[in-house]
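Student: I have a protein model to look at. Can we go through it, term by term?

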Amino acid sequence: MDIPQDPVILLSYVNTKLRDHYATLEEFCATHDVSETDLRQTLSEIDYQYDEITNQFV
């Protein structure tokens, strides 16, 4: 499955996957062949940043 392109839907999708299946953002990106830099940039455009402690975008 391709990851969603809409930033708000992407946020929900990534946070759900991080919560349920992945210990780190790096692991998620490697599994889904996604650029971590691009993902962070896309979500920063809607004012979300990755928090390593909670393993989610907040």
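Student: What makes a group of residues here a nonpolar core?
Tutor: A nonpolar core is a set of buried Ala, Val, Leu, Ile, Met, Phe, Trp, Tyr and Cys residues joined through side-chain atoms within 4.5 Å. The largest one here has 14 residues. Val14, Leu18, Leu25, Phe28, Leu39 and Phe57 touch the most other members. At least two residues each come from α1 (7–20), α2 (25–32) and α3 (36–44). α1 gives the largest share, five residues.

Student: What kind of model is this, and how are residues numbered?
Tutor: It is a predicted model, where local features need pLDDT of at least 70 and side-chain atom pairs count only at pLDDT 80 or more, while totals for chains, interfaces and linings use all residues. Residues are numbered from 1 along each chain as its sequence is written, and side-chain values use heavy atoms, with hydrogens and water left out.

Student: What makes a stretch a helix or a strand?
Tutor: Both are DSSP runs, numbered from the N terminus: helices are H or I with at least four residues, strands are E with at least two. Asparagine 15 is in helix α1. Asparagine 55 is in the loop between β1 (50–51) and β2 (56–57).

Student: Why is asparagine 55 called buried?
Tutor: Buried means under 20% relative accessible area, exposed over 50%, and partly exposed in between (1.4 Å probe, protein chains only). Asparagine 55 has 12% relative accessibility, so it counts as buried.

Student: Why does asparagine 15 count as buried?
Tutor: Its relative accessible area is 17%, so asparagine 15 is buried.

Student: Is histidine 21 buried or exposed, and why?
Tutor: Histidine 21 has a relative accessible area of 52%, so it is exposed. Histidine 21 lies in the loop between α1 and α2.

Student: Which residues does leucine 39 contact?
Tutor: Contact means heavy atoms within 4.5 Å. Leaving aside neighbours within four places in sequence, leucine 39 contacts Leu10, Val14, Leu25, Phe28, Cys29, Val34 and Phe57.

Student: What makes a pair of atoms a polar contact?
Tutor: The pair must be N or O atoms within 3.5 Å. Within protein, one must be able to donate a hydrogen and the other to accept it, and residues adjacent in sequence count only if both atoms are side-chain atoms.

Student: Which backbone atoms does the side chain of asparagine 55 reach?
Tutor: The asparagine 55 side chain reaches the backbone oxygen of leucine 18 at 3.3 Å. It also reaches the backbone oxygen of tyrosine 22 at 2.8 Å.
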